[in-house]
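Me: I'm new to this one, so please walk me through it and tell me what stands behind each label.

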Amino acid sequence: MLAFPLHAQEKSGPMQSGTHTGPPAAAAGVPAVQTGASAEEFDVDKLFAGTCGWCHSKGGREVGKGPRLMNSESSDEALASRIRNGKTGQMPAFGSAFSETQIRAIVAYIRGLRPEN
Ligand code: HEC
């Protein structure tokens with residue numbers, strides 16, 4: 001005869017359902033899904049022309065003060081990181097100017113660049 005439950009609950013409270021707090025996506029270099037400004041309400045072409053265009057000519061299609069971005073051999077992560085961190089003496093850092101979502105949109109824009117004609 002058992003007078004007590006076998007496993008008396010030492011901690012009260014509901015069992016956690018085993019959900020993890022989040023995948024280590026950033027560490028693995030996987031694009032993190034952000035819930036910020038949506039890419040739609042953000043005009044990448046315009047932004048690029050205004051903010052990046054004086055160094056990355058023709059929307060990034062040609063060499064200017066900065067390199068041509070079209071057909072870059074850098075990884076998405078390297079592109080995003082360059083935009084976030086800039087490069088001392090060469091390119092300003094934009095990590096505090098843009099959200100992660102916006103940076104992803106800019107990387108997508110760069111990947112989508114095609115010759116103009
Ligand atoms: C003052 C000039 C300047 C401005 C403004 C500028 N860049 Fe750059 N950018 C450069 C230079 C110079 C480099 C080459 C640095 C390096 O990686 O050695 C570069 C490199 C990059 C690269 C890396 C290219 C590759 O193939 O790895 C990316 C991506 C980039 N810029 C995106 C941007 C974006 C997006 C903006 C606007 C938000 C911007 N840049 C604004 C000068 C500029």
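Me: What makes up the chain, in helices and strands?
Reply: There are five helices and zero strands. Both kinds are DSSP runs numbered from the N terminus, with at least four residues of H or I for a helix and at least two of E for a strand. From that end on, the elements run α-α-α-α-α. Residues are numbered from 1 along each chain as its sequence is written. This is a predicted model, where local features need pLDDT of at least 70, side-chain atom pairs count only at pLDDT 80 or more, and totals for chains, interfaces and linings use all residues.

Me: Where is confidence lowest, and where is it highest?
Reply: Confidence is scored by pLDDT, the predictor's own figure for each residue, from 0 to 100. Helix H1 (residues 25–28) is lowest at a mean of 44, and H4 is highest at 98. Over residues 22–28 the pLDDT is below 50. Where pLDDT is low, the predicted coordinates should not be read in detail. The chain averages 80, and 65% of the residues score at least 70.

Me: How do you know that the length of H5 fits a helix?
Reply: The expected span is 1.5 Å times one less than the number of residues. H5 has twelve residues, so it should span 16 Å; its end C-alpha atoms are 17 Å apart, which agrees.

Me: Which residues of H5 are called buried?
Reply: Gln102, Ile103, Arg104, Ala105, Ile106, Val107 and Ile110. H2, helix H3 (57–60) and H4 are among what covers them. Leaving aside neighbours within four places in sequence, Val107 is in contact (C-beta atoms, placed from the backbone, within 7 Å) with Asp76, Leu79 and Ala80.

Me: What makes a set of residues a nonpolar core?
Reply: A core is a set of buried Ala, Val, Leu, Ile, Met, Phe, Trp, Tyr and Cys residues joined through C-beta atoms within 7 Å. The largest has eight residues: Leu69, Ala80, Ile83, Ile103, Ala105, Ile106, Val107 and Ile110. H5 gives the most to this core, with five residues.

Me: Which residues are closest to the ligand?
Reply: Cys52, Cys55, Gly66, Ser72 and Ser74 are the closest of the 21 residues that surround the ligand. H4 gives the most to this shell, with four residues.

Technical notes: A residue is near a molecule or strand if its C-beta atom, placed from the backbone, lies within 6 Å of it. A residue is buried if 20 or more other C-beta atoms lie within 10 Å of its own, exposed if 12 or fewer, and partly exposed in between; C-beta atoms are placed from the backbone. Two residues are in contact if their C-beta atoms, placed from the backbone, lie within 7 Å.
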